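Subject: Structure for your reading, with notes

Dear colleague,

Please find below the structure that I am handing over to you.

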Amino acid sequence: MSVSRDRLATTGLQTRSHRAGGHGQRLLVAASGLLAVGCIAQSVATGVVAARSAIAFAALIALGELLRLNLPGDREAAPIGTACALAYALLIRVGSSPARHSAFQVVAVTAVGMALGVLPHLAVGRPARTAGMASRLLAVACTAFVFRPLAGTGNIVRHWWAALAVMTVLVTVAWLVDVVIAACTRADTLRGRLWVTFTDELRVQGLLGVAVGASALLIAFAAEAMGLVAVAVFLAPLLVTQVAFRRYAGIRATYLQTVRALARVTEIGGYVETGHADRVSRLAVAVGRELGMAEPELLELQYAALVHDIGQLSLQDPIPGGATVLVSPEDQRRIAELGAEVIQQATMLDSVAEIVRRQSDPCGGTSRCPSGPLPGTAPGEDTDAGERPARPPLSSRIIRAVNAFDDLVGSSADPARAAAVLDRLRLDTSAEYDPAVVAALGRIITRLSVVSG
Amino acid sequence: MGRLSRATWLYIGTVVAAAAFVIARSPHQGIPWSRLAVLAVLFLACESVPTAITPRRVAWSPGYAATLASVVLLGPFGAALTGVVSVFSLRRGPTPAQRIFNGAMYALTAYGAGRVFLALGGTVGVPTGASFPKIIGPFAGAAAAHIVANYGLVAGVLWLTSGTDRSQARGRGVVDLRLPLPDFGFAVFGLLIAALWSVVGPFAAILVLIPLYVARWAIAQFANQQRAYEATLRVLCQAVETKDFYTRGHSERVSRGSVMIARAIGMRPERVEAIRFAGMLHDVGKLGVPTKVLQKTGNLTEEEYAAIQLHPLCGLEVIREIGFLDEALAGIMHHHERIDGRGYPMGLAGDEIPEFARVLAVADAFDCMTSTRSYRGARSLGEAITELRRCAGSQFDPVFVGALIAAVEREGWQTPDVPVPPPGEPATAAAHDHDDPVVPLRVMGRR
């Protein structure tokens, strides 16, 4: 019925939609669930082959599911579990005895292990993330159904290099299956574009996937050389990887929290209305995604949107209500420059500083404000308005429009007001605001009001 | 390294001669040269990756995996030859003298590790399933000998080259004790490589090292983010200081002072780190105090005083979400409490005040007194120390006052330059500093 704050909250990078899931996600989970049930039934009916190794691998897969890893963009991976499951699919011998388990048994063991590993997560109230589990299970199933028949024939085990080559190909395929499924579900739930989400997945999962694949081969060969005990020992390199990624995830989260704190400083100081920075950043990210921006750009956009008003800190007196859309273009420009100056001191945020600096430029390019020496321009950069590149970056144009929208609508939940504001922004397009950005903003607002109505 | 002393040259010469001696004296027969070539390339690859990727507590030294795999697969002589390859490291840092020393050192210590391996009953060659688990004991012994000998030889050269700076040498000694643990972890991977050699040959090394290189990538990302994070924290505290140029740098100095106290009383490194951040951010809440209150000359009304008293809580509000230790948050919230219970915002007394807050309070007041304010000049270090001593027990915790004074006498204290008011910004200085213990805030109707 209305554009409420809660609905807006679900559009950001920290979306909660993976819990609810779209139709595609439900289909995926149902399919892999059926596969798991079928394989478990088949394994029980025919009897479990080599129960000891089955139990050992199920236990390790459960452990891997327990030790899930956060990746950028609210993804989760289970590197240890995936590596063990793939290794179980690729097992040729355990010690000196050939491994004769079927592909059905591989899927069954993996499914049981995952189910056991997810129980502690559920017990402490964390989401199960069934879509991720489903895509991992499907990837393992692909490998198993190709490799188990080959392992049975014995042809492949005569030369280690042939086995190595086939295994490498299969692990790569499994990894691609996982990435494609993840990209599809992401494109589905976040309404992103498929190609963009696919390259996003490749970027985020690429290296970790290589480490997981190498470890899967390592474990499969180690079981051959030294028996089952070796499997746990040969997880050590991957464990190092996992620890490193965990630290990375930790500092990344802390960094985002720090940028949020920076945004809150303007609110505490009474410069901006409470919640403004948060709303602008969520809406800006949604617009950016709608316009097909890739994840690294979205992250910069998110940071820039969070701190876009930081320049107001340098003002003697707060602007009433903190609404920069209501002040003169010169003042807007000055606030943007001061903000960029503050952000530039954080050396890693150069691109973010540029986005914030250009947010005050009208979309048409050359600013109409009088040119002259401006505070805070980087050395070597022109300070003359006329010499600026014609169009501000897309991120700046998005922040400009979304900021104006939020300044005028505020935390109001009235759809009529949102519609009126959108109309006003549309009238100003081409000169002030980017028509494409305003159109995307309009689509998102409409969608939200439909969803909550 | 700069110019080396004669003793250093003598030391390096001895190590090189010893390495040359053991290599020349060993029997050359029966060495599988192709295997040696693979392991040498592997070691070179490990050694060529830059190691100094993070400033703190993350070591990266997979080279041990290659030399110790050589110990098992090739024996002492082969391991020594693998070690020599370090001379050709593709890293650009080392000088020729450093390269020669590194090569000789790795050769010598790898040879020693090989001897230890044999002495403890290990057999040289590709291990089979039957070699486990009895290979583990000799291997662990060899790894320990390799790492300890390596650190010993490196410590010797460091000691000879940095003999003058005692405090730095001592600091390095502390770090050295902690570093070998991850090295031992990497050494164990050498056994994994050797164990898989019978199944996949040299690919064993690649399969083991791929996850480690990915881990290294993640750690490098971690280091980048860490730098970005710290830069952002600095921006956060500078944002506070834009309002009053007299307090510029205050947060950084309070942070440094708090760290000095924390180190002096022997806090654990994680807590020192947390107090560093707490010091940087302790006054973030000052932004919640209206500028006109900060710039008011004369007595404050009760309401205005209340606004100032609220700033630790405003600060907490800003940074609550940042994943610090809770202790840092408690420190920021209570850094204006007094030991006698007359502080704010809660009026806690004595041990009720969190330890971080008591530390911050001392560093905060000390920096305030030694800086220039709009209404007074800076005090000398001596005056400030006397003032701290006077207030110890009533306002400050005497233990931390003592710790700060001792640390300042040992390490010195960087007092800020006298700020020059920028032209055209007449009204950006606060009329009083809430941190100042000598000139307390005056509130109407109070004495």
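How are H4(A) and H6(A) oriented to each other? The model is a predicted one, in which local features need pLDDT of at least 70 and side-chain atom pairs count only at pLDDT 80 or more, while totals for chains, interfaces and linings use all residues. Residues are numbered from 1 along each chain as its sequence is written, and chains are lettered from A and ligands numbered from 1 in the order in which they are written.

To answer the question, helix H4 (residues 51-66) and helix H6 (residues 103-123) of chain A pack at an angle of about 40°, and their axes are 7 Å apart. Helices here are DSSP runs of H or I with at least four residues, strands are runs of E with at least two, and both are numbered from the N terminus. Axes are lines fitted to C-alpha atoms, for helices over the stretch in contact, and angles run from 0 to 180 degrees between N-to-C directions. H4(A) and H6(A) are therefore oblique to each other. (Angles under 35 degrees count as roughly parallel, over 145 as roughly antiparallel, 65 to 115 as roughly perpendicular, and the rest as oblique.)

The crossing of H4(A) and H6(A) is right-handed; a crossing has this hand if the near helix is turned clockwise from the far one by less than a right angle, and is left-handed if anticlockwise. Among the residues of H4(A) in this contact are A:Phe57, A:Ile61 and A:Leu66, and those of H6(A) include A:Val109, A:Met114 and A:Leu116. Two residues are in contact if their C-beta atoms, placed from the backbone, lie within 7 Å. By class, the residues where H4(A) meets H6(A) are 13 nonpolar, five polar and one charged. (Ala, Val, Leu, Ile, Met, Phe, Trp, Tyr, Cys and Pro count as nonpolar, Asp, Glu, Lys and Arg as charged, and the others, Gly among them, as polar.)

Elsewhere in chain A, helix H11 (residues 236-268) has 33 residues, which at 1.5 Å a residue should span 48 Å; its end C-alpha atoms are 47 Å apart, which agrees. The expected span is 1.5 Å times one less than the number of residues. H11(A) is mostly covered, with 24 of its 33 residues buried. A residue is buried if 20 or more other C-beta atoms, placed from the backbone, lie within 10 Å of its own, exposed if 12 or fewer, and partly exposed in between. After H11(A) comes A:Gly270, which has a positive phi near 80°.

A:Ala50 lies in the loop between helix H3 (23-46) and H4 of chain A, and A:Arg129 in the loop between H6 and helix H7 (130-153) of chain A. With 18 other C-beta atoms within 10 Å, A:Ala50 is partly exposed; A:Arg129 is partly exposed with 17.

We now turn to where the chains meet. In total, 47 residues of chain B are in contact with 51 residues of chain A. H8(B) provides the largest share of the side of chain B that touches chain A, 26 residues. That side of chain B divides into 33 nonpolar, ten polar and four charged residues.

Chain B itself has 17 helices and zero strands, and 44% of its 447 residues are buried. Helix H10 (residues 269-281) and helix H15 (residues 355-369) of chain B pack at an angle of about 50°, with axes 11 Å apart. H10(B) and H15(B) are therefore oblique to each other, and their crossing is right-handed.

Two prolines in loops of chain B complete these notes. B:Pro127 sits between H4 and helix H5 (136-161) of chain B and counts as buried, with 22 C-beta neighbours inside 10 Å. Its C-alpha atom is 8.0 Å from that of B:Val72, 55 residues apart along the chain. B:Pro345 is in the loop between helix H14 (326-333) and H15 of chain B, and the peptide bond from B:Tyr344 to B:Pro345 is cis, with omega near 5°.

Yours sincerely
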